[in-house]
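Dear colleague,

Please find below the structure that I am handing over to you. My findings follow directly after it.

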Amino acid sequence: MRKPKLKARQGPTAKPARNRRSAEQMLVELKRCLREISDLTAAGDILTWDQATYMPRGGADARARQCAALYGLAHEQAVAPALGKLLDALAHYGERLPRDSDDASLIRVARRDFQKMIKIPPDHVTRANAHGSASYNTWTRARPANDFAAMVPYLERTLDLSREYSSYFAPYKHVADPHIDDADEGMSTASIRKLFSELKSQLVPMVGAICERPVADDSSLRQAFPKAAQFEFALNLAQRLGYDFNRGRLDLTHHPFSTRFSSGDVRITSHVSENNLGDVLFSTLHEAGHAMYEQGVSATLDGTPLGKGVSAGIHESQSRLWENVIGRSRDFWEHFYPSLQRVFPEQLGSVPITVFHRAINKVARSIIRTDADEVTYNLHVMLRFNLELQLLEGRLGVKDLPEAWRAAMRAHLDVAPDDDRDGCLQDVHWYSGYIGGRFQSYAIGNILSAQFYGAALQAHLDIPREIARGEFSTLHTWLRDNVYQHGSKFAPNDLIERVTDAAMSMTPYLGYLREKYAALYWLPGSLSAR
Ligand code: ZN
């Protein structure tokens with residue numbers, strides 16, 4: 001999902017294919033090459049994980065160099081002409097294998113990745129990476145200082161680089177298409193525009209109806225909770241869901257993430273804040289969802305391009321499923337709330353479960369995307385998606401972004417930030433990489449979380465009752481068998497069809513939101529007629 005963050009160099013490293021080698025021998029050679037690329041990338045990822053968790057601040061400069069060296073070697077091998085020849089030589093063999101077989105999928109996916117990668121000139125990769133680092137460093141100071149002017153020259157250059165990136169994939173229908181396809185293969189500006197306009201027309205009245213009701217009281221979550229006990233509780237939750245600590249670990253960081261080094265080592269990070277219990281609970285459930293996906297990919301795909309989750313949107317569907325559909329459900333807390341109360345008797349001992357459940361599902365028109373509830377969240381995503389398109393199309397100048405942001409916030413959510421720090425400077429995405437394709441995956445993930453869960457329920461009606469007993473193995477096993485194990489073998493749209501017998505659809509998601517929030521906000525019937 002990340003684009004090559006690499007310093008490219010010239011020249012092949014793999015040996016040219018010898019004549020008259022059998023297809024089987026070439027396949028062994030292909031897997032060896034791909035494993036080496038995967039190992040170099042994983043070594044870089046371990047250094048990146050360390051940087052975000054334990055590295056002392058003084059290590060930053062050397063670490064940037066070390067990562068660039070490893071990712072550079074990986075990239076050098078990933079675009080080596082010898083690898084291209086090997087893939088071409090195997091193409092015909094792959095087409096004769098059953099399409100669903102591991103080897104056919106491997107040849108197909110590795111060849112597509114290679115053909116995509118060699119379209120990007122090495123000097124573009126070098127320039128884009130150097131610019132991304134400089135822009136990110138400036139943003140880390142500009143955001144707290146509310147200094148958008150400092151970011152204007154960076155963003156203008158980012159926009160040029162983003163268009164330049166797209167140009168390598170011309171002809172395209174829309175300049176954002178290559179970026180969107182990188183994150184969510186098979187999607188395009190047109191398909192997402194259509195999806196979002198439909199979703200918006202349903203969500204806006206839903207948010208309106210909920211916001212007319214009394215605001216949920218979430219003060220119970222905002223008391224002082226000792227950090228060590230919060231961390232311990234969240235760790236226990238991740239373990240209970242099925243996140244395997246023999247093949248993973250949980251550490252603290254500022255911006256939580258999960259990362260895979262191999263099928264035997266998939267780590268998560270979380271964040272604890274003393275005065276917001278929801279922070280550690282839901283960031284841990286979210287990252288555990290991502291990590292269980294990676295832990296569940298068949299070990300036979302390890303070290304190949306198939307050995308990881310297939311797209312940003314599908315990945316997000318797995319994190320959202322555990323975080324929201326399960327982790328914010330009444331069934332889930334029927335089981336876990338009594339133990340949470342025992343850990344925090346002073347804070348929660350006298351708070352009834354109904355109050356706690358409403359608190360963790362509070363809906364409000366808010367300013368910050370990452371703090372948004374699951375009903376308004378998609379509106380934050382759509383706003384960013386539209387601004388990305390306008391910037392890329394040249395209809396919006398970088399200098400005018402802060403005002404366009406405020407106007408869009410008022411139009412989408414009826415609130416506007418007081419300053420740029422909580423406005424267009426709030427997300428790291430545009431300040432550390434390209435503009436384009438950066439946000440739609442979050443909404444796709446929300447939509448798919450309900451569609452996948454609906455399919456699991458069809459197969460096993462008992463899942464909610466099991467969840468209320470703190471048991472997750474039926475759901476986890478179903479997800480592993482149907483989604484996780486395939487890694488990147490099937491294209492996202494094919495996987496969705498295969499698992500749910502339907503193309504991506506908003507119906508399950510809207511049904512889920514209506515049912516849940518009509519009950520929480522005492523709106524019987526009023527959300528269901530639309
Ligand atoms: Zn996520």
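This is a predicted model: local features need pLDDT of at least 70, side-chain atom pairs count only at pLDDT 80 or more; totals for chains, interfaces and linings use all residues.

The zinc ion is coordinated by H286 (NE2), H290 (NE2), E316 (OE) and E316 (OE), at 2.1 to 2.8 Å; donors here are N, O and S atoms within 2.8 Å of the metal (3.2 Å for Na, K and Ca), and water is not among the atoms, so sites may look incomplete. The angles subtended by the four donor atoms run from 48 to 124°, which makes the arrangement irregular. For reference, four donors count as tetrahedral if all angles lie between 85 and 135 degrees; four count as square planar and six as octahedral if opposite donors are over 155 degrees apart and all others between 65 and 115; anything else is irregular. Along the chain, the donors follow the spacing H-x3-H-x25-E.

Residues are numbered from 1 along each chain as its sequence is written, and side-chain values use heavy atoms, with hydrogens and water left out.

The protein chain is divided into domain 1 (21-142) and domain 2 (189-360 + 440-520), with bounds that come from an automatic or database domain assignment. Their C-alpha centres lie 29 Å apart. In the interface, 19 residues of domain 1 are in contact (heavy atoms within 4.5 Å) with 21 residues of domain 2. About 1600 Å² is buried between the two domains, with carbon and sulfur atoms giving 58%; this is the accessible area (1.4 Å probe) that two parts lose on being put together, summed over both. On the side of domain 1, W49, D100 and D102 lose the most area to domain 2, together 32% of what that side buries.

The rule finds two salt bridges across this interface, a salt bridge being a side-chain nitrogen of Lys or Arg within 4 Å of a carboxyl oxygen of Asp or Glu. The side chains of D102 and K489 meet in a salt bridge at 2.9 Å, N to O.

With kind regards
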